[in-house]
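Please keep the model in view while reading.

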Amino acid sequence: MNPQFETVELEGNSCFRTQHFKCGYLQDDHSWHYHPECELTYIIKGNGTRFIGDSVELFTEGDLIFIAPNIPHCWINNSKNEENEIVTMQFSPTCLGDDFLNSPDAHVLIEMFQRAKRGILIKKPDSDAIGKRLIELHKKNGLSRLSGFIDILDLVSRNSDNALLASELYAIDVREFHCGRMRKVMEYIQAHLVDEIRQTDIAELVHMTPQGFSRFFRSTTGRTFVSFVNIVRIMEACRLLVSSEDDITSIAFECGYGNLSNFNRRFMEQKHCTPSDYRSNHKLLKPNP
């Protein structure tokens, strides 16, 4: 299911928007969507399944998630008997101005926005402390409201007890790979997923020695070539699990895994669930016929 674009309407001339709401079954009015604003979401009450990019995890009370612009996301209930209370804060990453973002004091914000391309889960007890600030912010106005907004950004950016949700490859700006050697490498990987992909063949393709290519690839991606190929293969497997009805064994072979046990092991390492669970969870996003 493709995510839907959502328009975020800011409040008057404010540079950000807060919402504090209670609702029943989230699926009734909460779709798989994206928008060009950052979003900080705190779950005051409710349980279910959370989708951030290609991450699928359970959520519960006290969850605090920060996401960068244009990351598809959705929270849904696993039971129609759930009651939900949620507070959110949405804003453009440039809402305070380019001069502010270019200042040395804002460097930590730039790093936070970069990490948030994968979605950031802030853990307890910090999530509850920041969530309480969000609830208070929704009631404020004037300079007190603006200063509260900056305080929350500061707390989120300085938080160290957090986890990244979506996979590394999901968050990569593909423009980084659309030039020179890396473009050739990515095109080869995509065209030969079903085959054995040897690093020596890739090195020859881009006219480098195997040792030189290994150093080049690690410095460019931060990963070994083998681990990167595994990420690409599992990403393709995720796409096929969601978009096709092919059986899991066929998908494993189509993505280059010679046996099902190896595929299941690699999938679990990256997605922390089985391929069948991943497919079942994503079916929750699809509207009932």
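In the residue classes used here, Ala, Val, Leu, Ile, Met, Phe, Trp, Tyr, Cys and Pro count as nonpolar, Asp, Glu, Lys and Arg as charged, and the others, Gly among them, as polar. This is a predicted model, in which local features need pLDDT of at least 70 and side-chain atom pairs count only at pLDDT 80 or more, while totals for chains, interfaces and linings use all residues. Residues are numbered from 1 along each chain as its sequence is written, and side-chain values use heavy atoms, with hydrogens and water left out.

On a 1 Å grid over the protein atoms alone, a cavity is a set of points where a 1.4 Å probe fits but cannot get out, and a pocket is an open set with protein on both sides within 12 Å along at least five of seven lines; lining residues have an atom within 4 Å of a point. Grid points are joined across faces, edges and corners, and a volume is the space filled by probe spheres set on the points. Over the whole structure, the search finds 2 cavities of 30 Å³ or more. The second largest cavity has a volume of about 40 Å³, and its lining consists of Phe91, Pro93, Cys95, Leu96, Phe100, Leu101, Leu109, Phe113 and Leu153. Two or more of these lining residues come from each of helix 1 (98–101) and helix 2 (107–115); helices (H or I, at least four residues) and strands (E, at least two) are DSSP runs, numbered from the N terminus. By class, the lining of this cavity has 9 nonpolar, no polar and no charged residues.

Leu109 of helix 2 and Leu153 of helix 4 also belong to the contact between these two helices, where contact means heavy atoms within 4.5 Å. Helix 2 and helix 4 pack with their axes 9 Å apart, at an angle of about 65°; axes are lines fitted to C-alpha atoms, for helices over the stretch in contact, and angles run from 0 to 180 degrees between N-to-C directions. Helix 2 is therefore roughly perpendicular to helix 4, given that angles under 35 degrees count as roughly parallel, over 145 as roughly antiparallel, 65 to 115 as roughly perpendicular and the rest as oblique. The crossing of helix 2 and helix 4 is left-handed, a term for a near helix turned anticlockwise from the far one by less than a right angle, with clockwise giving right-handed.

Helix 4 (residues 142–158) also packs with helix 3 (residues 126–137): their axes come within 10 Å and cross at roughly 165°. Helix 3 is therefore roughly antiparallel to helix 4. Their crossing is likewise left-handed. On the helix 3 side the contact is made by Ile130, Arg133, Leu134 and Leu137, and on the helix 4 side by residues including Phe149, Ile152 and Val156. This contact comprises 7 nonpolar, 1 polar and 3 charged residues. In the loop between strand 10 (120–122) and helix 3 lies Pro125, and the peptide bond from Lys124 to Pro125 is cis, with omega near 0°.

The axes of helix 9 and helix 11 come within 10 Å and cross at roughly 95°, so helix 9 is roughly perpendicular to helix 11. Among the residues in contact are Ile234 and Leu241 of helix 9, with Phe267, Gln270 and Lys271 of helix 11. Gln270 and Lys271 also lie, with Leu165, Glu269 and His272, nearest the centre of the second largest pocket, which is lined by 27 residues. Helix 9 (225–243) and helix 11 (260–271) are among the elements that give two or more residues to this lining. The pocket has a volume of about 460 Å³, and its lining divides into 10 nonpolar, 9 polar and 8 charged residues.
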